[in-house]
Amino acid sequence: MKERFFVRELPEHLGQEVVVAGWLHRLRDLNKFGFAILRDRTGLVQVVLDSTQLEQLKGLQLETVLKITGTVVKKQSKDPQAEEVEVQAKIMEVLSPVTDVLPIEINKDDVEAQLDSILDHRVTTLRNLKQRAIFRVQAALVHGYRAYMERQGFTEIFFPVLAGAASEGGAEFFKVDYYGREAMLTQSAQLYKQMMVGVYEGVYGLSYSFRAEKFATSRHLTEFNQFEFEVGFVDGMEDIMAYAEASLREMLATVERENTSELKLLNVTLPPLGEHFPCVRLKEALQFYKEGTGIDETKEPDLSPAAEKWLSTVWAPHTHGSGFVFVTHYPTSKRPFYTAVDPQNSEETLSFDLIGFGSEIISGGLRVHRYDEQVARLKAKGLNPADFEDYLAMHKYGIPPEGGFGMGLQRLTQNILGLANIKEATIFPRDVQRLRP
Ligand code: 4AD
Ligand code: MG
């Protein structure tokens, strides 16, 4: 629409005739005249309608799509959600009439319904200003990540989703019938990003990951995205952690810069970053947890959800002014076959998780880069090296010492915005039950 003005620009056009277009967000019919609140992608504006225009709206419902030609005037009554100007309508055109009442009201501050109903009606509930704001923040995280990685000179890669071998081990993968052969949906881009270190040295990308999770939780999806990263010629795991921290700082700074109004609307203050993210070994982390809470999980091979929460929302903020904490040296038995083992102690790996304001948001580490060692590690994990011929080709034909990480897009969005369920941070979530819309 060539002649269209956006709501946000209207204050600059006081006194002028403009064309605005959008959805009928609210309507107040006072008989002789009325007020329509029109919503476009930049905001809300009040439009003053005369009785003829009100007549045009008879039988039509909220969300009707309108095009209005009118004059921008100073606003009389203050609606706190709208701009300081309003439009005195001259001509109103119905671009798309809506005759059905919305299944769930979307024009209040919050959508007042159970999460499942909100998700069932995602097509319209996402139009609610707060719901929509979540995914503007998510988009800004992606802008920040890409900007950071490009500045390092790394190459963006688009990874396949259909594959012949699993990368993360376990039984959590979806099988697909592929012309009579068995294929699977990738659990992450792990094997592919590693192969690309042999080509570009440093690669990144946003992948699709699939996990056939057995239970529905507030932190797990069956389909999600990862910010993937992999780089060669590293001196150790610390190099990878430095990239993780720097990229995350830039992502959050981008959100601060691009999403001021969204953060205000969502009433969110981003988690504190501190001078630097603290870094502790898993064993130390479990010891701190025991000392801080009296709960003894020091014999466990991993952090429980409660321990992750305590470490990142209590311990790290208090000791380091940070909502983020690196936990390192996870047991060899718990990490996938590609993870480098600590030469000092074969029971532990040179791997890390970044716990970010509530739960794990990143897993990463140094990888096995020598051929013989990788073959031995596959066998030790009960896997057949013959099934990994393509993957092993990179080891066979030379890759440098390397490592990387994967950061969950929806998990990060959930944690920085303090959302109770990861599905609120997923535009069209899939879980054990849900496959629509
Ligand atoms: O910890 P994960 O499984 O690690 C990998 O996939 C490795 N390839 C990463 C690497 O480079 N070593 O997944 C990485 C991140 C998690 O930290 C979490 O944020 C997110 O992906 N994630 C999930 N998000 C939503 N639903 C699920 N089921 C998730 N599983 C992992
Ligand atoms: Mg992990």
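Two strands pair if DSSP finds at least two bridges between them. Strands (E, at least two residues) and helices (H or I, at least four) are DSSP runs, numbered from the N terminus. This is a predicted model, in which local features need pLDDT of at least 70 and side-chain atom pairs count only at pLDDT 80 or more, while totals for chains, interfaces and linings use all residues. Residues are numbered from 1 along each chain as its sequence is written, ligands are numbered from 1 in the order in which they are written, and side-chain values use heavy atoms, without hydrogens and water.

- Strand 2 and strand 3 (residues 43–50) are antiparallel and share eight bridges, and a hairpin of two residues links them.
- Leucine 24 faces leucine 38 in strand 2.
- Three residues lie between strand 1 and strand 2 in their hairpin, and asparagine 31 in the turn has a positive phi of about 75 degrees.
- Strand 2 (residues 33–40) is largely enclosed by the rest of the structure, because seven of its eight residues are buried (under 20% relative accessible area; exposed is over 50%, partly exposed in between, with a 1.4 Å probe and protein chains only).

**Magnesium site**
- Glu360 (OE) and Ser363 (OG) coordinate the magnesium ion (ligand 2) at 2.2 to 2.3 Å.
- Donors are N, O and S atoms within 2.8 Å of the metal (3.2 Å for Na, K and Ca), and water is not among the atoms, so sites may look incomplete.
- Glutamate 360 is partly exposed, with a relative accessible area of 26%, and serine 363 is partly exposed, also at 26%.

**Largest pocket**
- A pocket is an open set of points on a 1 Å grid over the protein atoms alone, with protein on both sides within 12 Å along at least five of seven lines; lining residues have an atom within 4 Å of a point.
- The largest pocket has a volume of about 1,500 Å³ (the space filled by probe spheres set on the points, which are joined across faces, edges and corners).
- Of its 50 lining residues, Arg211, His220, Arg335, Glu360 and Ser363 are the closest to the centre.
- Strand 17 gives the largest share of this lining, six residues.

**Cavity**
- A cavity is a set of grid points where a 1.4 Å probe fits but cannot get out.
- The whole structure has one cavity of 30 Å³ or more, and the largest cavity has a volume of about 40 Å³.
- Residues lining the largest cavity include Val142, Tyr145 and Phe227.
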